[in-house]
Amino acid sequence: MTFENDLRTAALQAVKDLFGDELKPDSFQVQRTKPEFEGDLTLVVFPLTRLSKKSPEVTGKIIGEYLIAHCPFLDSFNTVKGFLNLRVKNAAWLNMLNEAVTTPDFGIKPVEDDSAPFVIEYSSPNTNKPLHLGHVRNILLGWSVAQILNAAGRKVYKVNLINDRGIHICKSMLAWQKTGNGETPESSGMKGDHLVGKYYVKFDQLLKAEKQELISKGMTEDEAEKNSLLMAEAREMLRKWEAGDTDVIQLWKTMNDWVYAGFHVTYRNLGVEFDKIYYESDTYQLGKKIVEEGLARKVFFKKEDGSVRIDLTAEGLDEKIILRSDGTAVYITQDIGTAKLRYDDYHFSKMIYVVGNEQDYHFKVLKLIIKKLGYAWSDAIYHLSYGMVDLPSGKMKSREGTVVDADELLKDLFSESERITRELGKIDDFDSDLAQALYRTIGLGALKYFLLKVDPEKRMLFNPAESIDFSGDTGPFIQYTFARIKSVLSKAGQTEVFRDYTSVGIPDTYPANKEEKDLIIHLLQFPDTIQEAAQRLSPSLIAQFAFHAARQYNLFYHHHPILDTDQLASSLFRLKLSAFTANILNLSLNLLGIDSPERM
RNA sequence: GGUCCCGUAGCUCAACUGGAUAGAGCAACUGCCUUCUAAGCAGUAGGUUACUGGUUCGAGUCCAGUCGGGAUCACCA
């Protein structure tokens, strides 16, 4: 909070001088004064009554008098119960504003190149089905957190880990082999990831049918699964894959390439990218190697059945399998390998995994294993655990078809933003390309804001019919505010007397009204908001900040004319404040991965 | 069953390490476009923060228990 640190330091000194006690700076609580009270900053003095041996009111009064005498930026104070409300001088706010408006990337810290980087993994898809809304939350979170960390001054590498191997991949391959008749994305006109996904579902159907038949012959569900010829074929295919069988590998490559082409389109539509892509098919061998070494060093042990395990019961977890009895890798094996590989690549100071909270246990185990293996960087591992996206019908399940497909969702959003934009008729002079681009910008703004405004760790509900709005607490509202400001600024640029608003300074004697002051104070919190969002890895703080800024601006906009030739001084000030607001809105939206349209 | 997460307005979400009378948006109702973009602004209504106890100057927040929802505990990923 602006002036917060100064206030803390002064309060510390006050307590020392007045009561003779030395306190830690964080023993003071400073907060923004609630709107219903007079003041800008509030010091909570309840905890200090112990030292002052006086009532909260009196304690506040004593400290208030001290602070006014010692802090040049303070104006006056009042106390209500144990709350000491302090008013900051208008001139102090205006000086800060003046400095802020002349800083191009206000609030953005330049990246320290020499510090150890952060690595953030997000998306991490399987290559057997297209991306759905759950992945979209993951992808947007990862992207935004990376932007925020970067803005907070950290070097960040964005990486993706493709889960491209395993029995589930073989299932779609097998179904394609059996029923595909050589179908390709070209021949079918289907996006590659959707085509492969179709065969993944197909496999499930075939398997169900086969099991049904076996069950009708008197088998139980479990027996049917065990005796399924299809499952046997899938396992056999996996075995061949691991053995390097040319035909299987060829098919695997072909189908995975279809999927990658499809993912590429979705990533591009979402506006995200990666610095590096890891493939589990490349890392699982390293994982196995590390496990072998760990086994030799007795970090792991071999069970009678031949499987390799680690005993984590002392940590309150279980005995966890690391290698199957046939020596093949499980999920966590390749994660160990990937982690090591990444550390060698980047020597990160933090490795953030953006993965759903259904894998909390997995990451607890992974971190522990890495620690027990003796890697010093085990503490750098951090699981950014986010909540699932639920539908009104409950959890999304790929195989049951109860998912909101990412590509379809985007298509629907774009046509909805087109419908609304046309209805409003504000861009009738746009040519088709420009208009299409705007529909996308707005549609994406709506989706991204919707998914990012919620605290990452909380699960959230998505109702396809009504969740995405274009007014109220939404991305388009913020985008609209930005465009609205741009419109005013461009009008100003066409008028002689206003044109030079950029080059004049802000006089610290300007009599700012309530709406102007509230807006200024809020905007000046931007740098702190970025730091806090970075520290908590939470884009929702940026979203809230941006929404509040837009609301505050609109409030100001409605109460005060900006372009008023009779009030030139306030017009120039308001133009500067407007331009500053637009700048902050644009930077905030950027951190969320949202574009700011000049017009809408 | 063990472990973990969650329960705030009709709905979706806020509330910084415990701080003032728990805030927004949507939906509902009322106003405001001859004036800088009405995707906006102003207003009305909506709450025993699931329940019961405890800790303290102060609890949505911390502790214990109850009820309800979810995740996880695989030689799946």
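The dialogue below goes through some features of a predicted model.

Me: Where should I start with chain A, and how many helices and strands does it have?
Reply: Start with the overall counts. Chain A has 21 helices and 15 strands. Its C-alpha atoms fill a box of roughly 85 × 65 × 45 Å along the principal axes. Of its 600 residues, 52% count as buried. Keep in mind that this is a predicted model.

Me: Which domains does the assignment give for chain A?
Reply: The assignment lists domain 1 (4-88), domain 2 (165-271) and domain 3 (406-591). A distance between C-alpha centres shows how two domains are placed. For domain 1 and domain 3 that distance is 35 Å.

Me: What share of the contacts in chain A with a separation of 6 or more comes from residues 24 or more positions apart?
Reply: The share is 73%.

Me: What else can be read about M231, and is it buried or exposed?
Reply: M231 counts as buried because its relative accessibility is 9%, and the cut-off for buried is under 20%. M231 sits in helix α10 (residues 229-243). Leaving out residues up to four places away in sequence, M231 touches K171, F203, L207 and E225.

Me: Which residues touch the most other members of the largest nonpolar core?
Reply: That core has 153 residues, and those with the most contacts to other members are L43, I63, L67, L133, F462 and I478. There is also a second, separate core of 34 residues, which includes I322, Y346, L366 and L373. To see one core residue in detail, take L67. Apart from its neighbours within four places in sequence, L67 is in contact with L7, A10, A11, L43, L74, L84 and L86.

Me: Why do residues three or four places apart in an α-helix point the same way?
Reply: An α-helix has 3.6 residues a turn, so residues at that spacing point the same way. With that in mind, look at the buried residues of α4, which are A92, W93, L94, L97 and A100. Their cover includes β4 (83-88), α18 (514-523) and α21 (568-591).

Me: Which residues of α14 are buried?
Reply: They are H362, F363, V365, L366, L368, I369 and I370. The elements covering them include β9 (308-311), β10 (319-323), α13 (331-346), β11 (350-356) and β12 (381-386). After α14 comes G374, with a positive phi near 90°.

Me: Which residue has a positive phi of about 40° although it is not a glycine?
Reply: That is S124, in the loop between β5 (118-121) and α5 (133-151). S124 is partly exposed, with a relative accessible area of 22%. K298 is another non-glycine residue with a positive phi, here about 65°. K298 lies in the loop between α12 (280-296) and β8 (301-302) and is exposed, at 71%.

Me: Is a loop residue such as N163 buried or exposed?
Reply: Check the accessible area for each residue. N163 lies in the loop between β6 (156-162) and α6 (167-179), and N163 is buried at 10%. A polar contact of 2.6 Å joins its side chain to that of H168. Beyond four places in sequence, N163 touches residues including P125, N126, E280 and Q334.

Me: And K211, is it buried or exposed?
Reply: K211 is buried, with a relative accessible area of 13%. K211 belongs to helix α8 (residues 192-216). Setting aside neighbours within four places in sequence, K211 is in contact with E221, A224 and E225.

Me: How many disulfides does the structure hold?
Reply: The structure holds 0 disulfides. C71 is buried at 4% relative accessibility, and C170 is buried at 2%.

Technical notes
Residues numbered from 1 in each chain as written. Chains lettered and ligands numbered in written order. Predicted model: local features only at pLDDT ≥ 70, side-chain atom pairs only at ≥ 80, totals over all residues. Heavy atoms only, no water. Domains from an automatic or database assignment. Core = buried A, V, L, I, M, F, W, Y, C linked by side-chain atoms within 4.5 Å. Buried < 20%, exposed > 50% of the residue type's maximum accessible area, 1.4 Å probe, protein only. Contact = heavy atoms within 4.5 Å. Helix = DSSP H or I, 4+ residues; strand = E, 2+ residues; numbered from the N terminus. Polar contact = N/O pair within 3.5 Å; in protein donor to acceptor, adjacent residues only side chain to side chain. Disulfide = S-S within 2.5 Å.
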